Amino acid sequence: MMKKIFILFGCTIILVGCAGTSNDIEADKPLKEIYEIAYENFNDEKYESAANEFLKAESQYPSSPWAADALVMAAYSQYMDKDFAGALLTTDRFMRFHPGHKDVPYVLYLRGMCYYRQVSDVRREPGMSTYALQQFQQLVERFPKSEYAKNAENKIIILKNYVAGKVMYSARSDMKKQNWPSAISRLQSIVSSAQETVMTPEALFRLKECYTAIGLPEQAQGYSDMLRLNFPDNEWTKKLEKKPEEFENVADTKK
């Protein structure tokens, strides 16, 4: 992914949960020794153990110059362990105690990746994609020159297409049920707020169908013209030109 990323609030919970056992015994272990164990576990791909050690370093030596790095490495270890919930809690802790740290852009990117890795099928609720978008957009807006900004911008494009695809899926379902007002509302939202996505040409095509179905030819023609003007070589424009007769019977058929 990246050379390093997030921190752990969740591991703080883990450490508290272990209080009264090994933590008491190891409370006086030198920071250097804890770090060495943490990195040894990380290099051996024992990410859960590595995260616990990095969190221990931050918990026992919160005033150390290494405390922020320990949180970042703890979160990254959790990310590598696919413990995305724990990594997000860790990054929350990092942002709370180190809001001006040089690794903030990195942490924002990692937070975005935690959500991004959980984006599921387009037919399901796109909650994770929305959260990922928020993190990546915050990174790009706050740190446009960051080394992570370009990757974040690429992820934003992918996520916007994903969200638009979700809306399009619902719009098609509405059209099958001949629920034209709902379909039109969804399709217009794609055209107005996701113009750069690959779904826009189809949205214009479907709007032509919807307005034809409800007997508003002028509005239908307007979307048809918009499609031709903005996407002259698109497959949906070609479909529009090849089969204009389809629109005459769209109200009597289910898409």
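Salt bridges and cores in a predicted model

Q: What does E53 form a salt bridge with, and how far apart are the closest N and O atoms?
A: E53 pairs with K56, with the closest N and O atoms 3.3 Å apart. A salt bridge here is a side-chain nitrogen of Lys or Arg within 4 Å of a carboxyl oxygen of Asp or Glu. This is a predicted model, where local features need pLDDT of at least 70, side-chain atom pairs count only at pLDDT 80 or more, and totals for chains, interfaces and linings use all residues. Residues are numbered from 1 along each chain as its sequence is written, and side-chain values use heavy atoms, leaving out hydrogens and water.

Q: Where do E53 and K56 lie?
A: Both are in helix α4, three residues apart, about one turn of the helix. Helices are DSSP runs (H or I, at least four residues), numbered from the N terminus.

Q: Buried or exposed, those two?
A: E53 and K56 are both buried, meaning under 20% relative accessible area with a 1.4 Å probe, protein chains only; exposed is over 50%, and partly exposed is in between.

Q: Which parts of the chain does the R111 and D92 pair link?
A: The salt bridge, 2.8 Å from N to O, links R111 in helix α7 to D92 in helix α6, 19 residues apart. R111 is buried at 11%, while D92 is partly exposed at 31%.

Q: Switching topic: which residues touch the most other members in the largest nonpolar core?
A: F54, Y79, F94, Y109 and F136, out of 41 residues. Such a core is a set of buried Ala, Val, Leu, Ile, Met, Phe, Trp, Tyr and Cys residues joined through side-chain atoms within 4.5 Å.

Q: How many residues are in the second core?
A: That separate core has 24 residues, including W180 and W236.

Terms used: Helix = DSSP H or I, 4+ residues; strand = E, 2+ residues; numbered from the N terminus.
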